[in-house]
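Dear colleague,

Please find below the structure that I am handing over to you. My notes on it follow directly after.

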Amino acid sequence: MASVSLKGVTKAWGSVKGVDDQSLEIADREFLVLLGPSGCGKTTTMRMIAGLEEPTSGDILIGERRVNDDLPKDRDIAMVFQNYGLYPHMSVRDNIAYPLKVRGTPVADIGPRVDAAAKQVELTALLERKPKALSGGQRQRVALARAIVRTPKVFLMDEPLSNLDAKLRVSMRAELKNLSHRLQITTVYVTHDQIEAMTLADRVAVMSDGRIVQLGSPEQIYNDPETLFVASFIGSPAMNLVAGRIDDGVFSTTEGPLLTLPDTAPVREHGQVVLGVRPEDVSVVAPGEGDIDATVFAVENTGDSVLTTIRLGAETLVARSDRYLKTDIDERIGLRCSPDHLYLFDGPSGKRLR
Amino acid sequence: MRDRTLKYLLVAPAVLVVGATAVWPLYESLRLSMHAGRLSRPDFPQVFVGADQYTWAFFEQPAFWNSVWVTASFTLVTVALTTLLALCFALLLARGGRFRSGVQSLLILPFAMSPALIGVSFRFMFNPEFGLFDAFLGRLIPGAENINWLSDPTMAFWVVVIADVWGWIPFLTLVLIGGLASIPQETQEAAQVDGAPAWKVFRDVTLPQLLPVLAVVVILKAIFSLKTFDLVFMLTNGGPGNATQTLSHYVYFNGFKYAEFGYASAVAWLMVIPMMVLTYFYARFVFDRE
Amino acid sequence: MITGRTRRRLLETCQVIAILAFIAIMLVPILWIALAAFKEHVDVYQLKLVFEPTLENFSRVFAEPYDLGTKLFNSTIVAAVTVVIAIPIATAAAYAFSRFRLRGQTLLLVIILATQFVPAVVIVLPFFLMFRDLGLLDTLTGLVIVNLAIVMPFAVWMIKGFIDGIPIDTEEAALVDGSSRLQVIRNIVLPMAAPGLVTAGIFCFIIAWNEFLFALILTSKKAVTLPIGLALFKAEEGDLWNLMAAAGIIIMVPMFILALLIRRHFVQGMTMGAVR
């Protein structure tokens, strides 16, 4: 059990900065997710915590202790790799036992602990097999078992679910959530999948270009995004974003005035602005009864909801309604945007206007 | 033209060439080995002697057994030394970075030297009067200046070994570097995180995964060592006496210095047997990956 | 106290030193021979590093009685002709092995593989007799024939490896569009495999260039190749190391250049696909 701290950590290769002077405090037992697209620096950050990469500058602390100079094996951590990193020539049992064996655990203790870990991930029947005789999901559980067989100070997980098929991913998510709740160990989890971040995290650090752009609980990230990037990255389907300007409380695009902003809006005048509203906050109504009238461009029934897309000049807007909605392409409809869920972002900088 | 006919037509020329230039001579060589014959006789090769020349080799020719011994010990020593050293260098060079990649490129150069050329060069460098290595080693090891490298049977053997190992290390190093690169980095990092110090990572994770490539390296080098001719011919010509006379050289000597074609063919065919065994194992590795 | 970081730096420095030592061991002999080629006769005996370089050795080796020029010509012709014959034949077979399933395919491939490992001494004896009867001794034609024997297995396996690596989609699309198989080979496969063919060709050229035993036994005067030319200096041994070194350079340098050209595919070629 330990906290993890990053203080002013930078990782640079020549002039390229993978991680740019970032600081982060992770509390003991917290499940922190590093979320972002490829190349944002999340994996590099985690590898520096693990000791597989050396920071160019800055300090990394595990449990109040500066570990920059410690080898991975001395940091008392466990890691689940993206491709699992299983030892192909060893049986499942030996894979799980390896962390114990290599640290000199008495032989008598190894067996029971391996069995306990295997039981927790439901691998007991497969202990004698070799990794190549296992499915993807089973291999992933071996990697997990190997990580939990010790009780390290910190768990590190590098996109552990990204190589599983969609259905398996969903069920493993639930298992991971349950497992982490039971184990109560500080966890740093890297992913590009925002649903994983939302469902698993205590807090999420959204990263882009080597920097943490926003740090907060999943609810905060979802409902109170700091920047355009965060707003568009989280949420599926993505938040609707329309570029335009605000004059005298009215939002207009190049096509003309679109929407009158409510009185609670943070600004009444702004040159270059982006308006954001999530599809679930846009409802389909009869023409004339909403804020916008438009022609339906596409209708998608996902089973649990209906997504209606309309075109506004060059931009599109998506509305999400319950699954009983009936509309057709080329039908004329109205859209009403919930006034409490409008977001405004400064165009050039992407920062949220408050 | 249908694919069915075409595919055999495509393969035919190559099969014909290999058949005519390799398979047929093998058969013909076997036939030769069962007929007595000095090359100079006009009725050569005439007399059928069956397996006589083989038994003659086994039971009446100490020189034959000398060659067997030389070849066997040469093979064992060179395979062991080259593999070990190549492994060390491969481990040193396997990590990325411009320096190491640059060095890897340089490794090709010694390989472009044919064994014959290596033989000549090493003969030059071990010359007791002006050889570079003679001078270098003479200064390094007391008493070594007096060694006449190529005139002493034991020393000559070791010079041949050194020259051979020197020539083959670059190639085998490159092969092993390729093998190391194919081992997933994650397995090694996982071992580091699990708590293994560097040497245990190598012993428990890297080496077991490297075994198939190592096997290929060992078999390949063994085959090349067994065949050695060019190097020996240019470096010592089998001498002093026949201290460095490998089987290939022995066959050459009998066939073209003594013109005993039948006998030479017999000995040559005896060489084929270990080759076939090694080739079988090598083929296994090649086809496993198909 | 030695921290983890300092220890890692120290280890890295040791490794670099070891690598430099390795390189030195590998390159010094080559450099030494290269130096000797430019030395006067006298300097060779004195292990000098600094000396007056001379090109006289090179001019002498090309003159009588060594006549390296003819041998250089012979080597080039033999190697070039071998490659020109071997590559098309090997490519045809390699394509067939790669794209089709033939009866007895594995056996054929194993035989082709195995012939590479047969010691040259085994087959040189029958060849000698046959050439003697056919009047092919001491001819370039004879040398080409035996070199074909040697390079064919390499060529087939190397090219097969390259063709295996070319995605089959484009060919299948062309077949669906109406091309015949031969047209597909000519218009699609050959251009895409061209780098591989060149690599295999260079590889086989190097092998034929350095070939020793067959040239030693099957030639005597007219068709002698460069490596055997080297052996001829041996007869007057002790005297002419500087000449030998010059001849050595002439043999080596073209091969260095060619080897550098194909270094990326080198390992794959030599192990015939056992290691990628």
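In which loop of chain A is the place of Y84(A)? Y84(A) is in the loop between β6 and α2 of chain A, where helices (H or I, at least four residues) and strands (E, at least two) are DSSP runs, numbered from the N terminus. Phi of Y84(A) is near 75°, a positive value in a residue other than glycine.

Before the remaining findings, a note on conventions. This is a predicted model, in which local features need pLDDT of at least 70 and side-chain atom pairs count only at pLDDT 80 or more, whereas totals for chains, interfaces and linings use all residues. Residues are numbered from 1 along each chain as its sequence is written, and chains are lettered from A and ligands numbered from 1 in the order in which they are written.

The open sheet of chain A

Six strands of chain A make up an open sheet with mixed pairing, in the order β6-β7-β8-β3-β9-β10; two strands pair if DSSP finds at least two bridges between them. β6 and β10 (211-216) of chain A are at the edges and have a single partner strand each, so one side of each is left without a neighbour in the sheet. On average, neighbouring strands of this sheet are turned by 20° against each other, direction ignored. (Axes are lines fitted to C-alpha atoms, for helices over the stretch in contact, and angles run from 0 to 180 degrees between N-to-C directions.) Within the sheet, β7 (residues 154-158) and β8 (residues 186-191) of chain A pair in the parallel sense over five bridges, with L156(A) opposite V188(A) in β8(A). Helix α4(A) packs on the sheet and touches β6 and β7 of chain A, and its direction makes about 175° with that of β6(A).

Two helices of chain A

The axes of α2(A) and α4 (residues 136-148) of chain A come within 7 Å and cross at roughly 30°. That angle makes α2(A) roughly parallel to α4(A); angles under 35 degrees count as roughly parallel, over 145 as roughly antiparallel, 65 to 115 as roughly perpendicular and the rest as oblique. From α2(A), the contact takes V92(A), N95(A), I96(A), Y98(A) and P99(A), and from α4(A) it takes V142(A), A145(A) and R146(A). Six of the contact residues are nonpolar, one is polar and one is charged. (Ala, Val, Leu, Ile, Met, Phe, Trp, Tyr, Cys and Pro count as nonpolar, Asp, Glu, Lys and Arg as charged, and the others, Gly among them, as polar.)

β16 (residues 292-301) and β19 (residues 332-337) of chain A pair in the antiparallel sense over four bridges, and the bridge partner of A294(A) in β19(A) is I333(A). β16(A) is also joined to β17(A) by five bridges, again antiparallel; there, E300(A) has L307(A) as its bridge partner in β17(A). The hairpin of β16(A) and β17(A) has three residues between the strands, and G303(A) takes a positive phi near 100°. Next, β17 (residues 305-312) and β18 (residues 315-322) of chain A pair in the antiparallel sense over eight bridges, with A319(A) in β18(A) as the bridge partner of T308(A). β17(A) and β18(A) form a hairpin with two residues between them, and G313(A) in the turn has a positive phi of about 65°.

Elsewhere in chain A, a cis peptide bond with omega of about 0° joins S236(A) and P237(A). P237(A) lies in the loop between α8 (228-233) and β11 (240-247) of chain A.

Contacts between chains

The contact of chain B with chain C takes 77 residues from chain B and 74 residues from chain C. On the side of chain B, helix α1 (residues 3-33) gives the most, with 18 residues. By class, that side of chain B has 58 nonpolar, twelve polar and seven charged residues.

Domains of chain C

Chain C is divided into domain 1 (4-56) and domain 2 (66-270), with bounds that come from an automatic or database domain assignment. The C-alpha centres of the two domains lie 32 Å apart. Their contact takes seven residues from domain 1 and six residues from domain 2 of chain C.

With kind regards

Methods:
Contact = placed C-beta atoms within 7 Å.
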